[in-house]
Amino acid sequence: MAVLNPLELDGSTILVTGASSGIGRETSILLSRLGARLVLSGRDGDALGVTREQLQGTGHQVAAFDLHLIEKLPAWLKTVTAESGALSGLVHCAGMHAAMPVRVLGPGKSEQMMKLNVLAAMQLIRGFRQPGCYQPNSSIVLLSSAAGLVGSAGLAAYSATKAALIGMVRSVAVELAPDSIRVNCVAPGMVRTEMFARYAQSITEEQLSKIEARHPLGFGEPGDVANAVAFLLAKTGRWITGSTLVVDGGYSAGG
C-alpha cells in the first residue's frame, strides 16, 4: 500500500523569492523534498546557486532579480514562466527589516520597507495572475510577521508593512478565488536566521533575553516556518484562503 503524504507536491513548480538564505532557503529545500520543482529568486546569484545545490530532484532553476524594480515584476514573471512553465505556487520570503524608534524614523527608510515588503508582493501577485503564468488550483503564500499583529517599540514602519500584507491578502484572496488561486500569509515570530543574527548583534543580551521570554516556546527555526508554508501550498491547504497562519512560539498569544 502506498504511503499517504498529504503534503506531497509532485508536479508542482513553485517560485520562491528570498531563496538565497534563511526562511527562503529552508522553504525551498523542504519543497524540493516534497517533490516540487523550484524557481529560486533573489539578488545574489551565487547564493541562489548554493541553495540549488541543496535541493532534491531535478529541473530547478535560478532566476536572479532585484525586487526593488517593482514596475518590471509582471514582465519578469512572464519571462520566468516562459522557461519554467506555468507556476502552481509563489512564496514571497524576501523582505526588509529595520528597528528604528519613531523619533529618528525618516520617510526614506519607511518607503524602502513599504516598497520591498508590500508593493513588490502586490506586483508579484499581479504578475502571477497573468494568463499562462499560473496553473489551476495554485497557491500564493506571503511572509508577514507577528510584528504585524503585536506592537513592539522601534518597529513601527516594519510592523506597518507586515500588517499591510495581512490586509492585502484578505482582499486579493476574494478577488482571485474565481481564478482558483488561493492567497494566504504566514506570520512568524523571531526565527534564528541571518537577519535575526544581525538584529541580535544590534541589541544587548538583556534585551534579547526579554524578547525570547515573550516567546513561550522560545525562538523558532527556519524549518518551523517552512513547514507552515508547505501546508498552505499543498492539498492540505485546499480550503484555506485569505488567512494568516501564525507561527510564533506563542508570542502573539501573550500580547
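Trainee: What should I know before I start?

Mentor: This is a predicted model, where local features need pLDDT of at least 70 and side-chain atom pairs count only at pLDDT 80 or more, while totals for chains, interfaces and linings use all residues. Residues are numbered from 1 along each chain as its sequence is written, and side-chain values use heavy atoms, with hydrogens and water left out.

Trainee: How many helices and strands does the chain have?

Mentor: Helices (H or I, at least four residues) and strands (E, at least two) are DSSP runs, numbered from the N terminus. Here the chain has eight helices and seven strands. Its radius of gyration is 18 Å, close to the 18 Å from the globule rule for 255 residues, so the chain is as compact as a globular protein of that length. That radius is taken over C-alpha atoms, and the rule is 2.2 Å times the number of residues to the power 0.38.

Trainee: Now the second largest pocket: how much space lies in it?

Mentor: Rolling a probe the size of a water molecule over the atoms shows where empty space is left. On a 1 Å grid over the protein atoms alone, a pocket is an open set of points where a 1.4 Å probe fits, with protein on both sides within 12 Å along at least five of seven lines; lining residues have an atom within 4 Å of a point. This one holds about 420 Å³, counted as the space filled by probe spheres set on the points, which are joined across faces, edges and corners.

Trainee: Which residues of its lining lie nearest the centre?

Mentor: Of 20 lining residues, those are Asn137, Arg182, Leu233, Ala234 and Lys235. Strand S5 (134-143) and strand S6 (181-188) each supply at least two lining residues, and S5 gives the most, with five.

Trainee: Is Asn137 buried or exposed?

Mentor: Buried means under 20% relative accessible area, exposed over 50%, and partly exposed in between (1.4 Å probe, protein chains only). Asn137, in strand S5, counts as exposed at 62%. Its phi is near 60 degrees, a positive value in a residue other than glycine. Ser180 also has phi near 60 degrees; Ser180 sits in the loop between helix H5 (156-176) and S6 and is partly exposed at 31%.

Trainee: And what does Ser84 contact?

Mentor: Contact means heavy atoms within 4.5 Å. Ser84 is in helix H3 (residues 73-84) and is buried at 6%. Leaving aside neighbours within four places in sequence, Ser84 is in contact with Thr13, Arg37, Val39 and Gln61.
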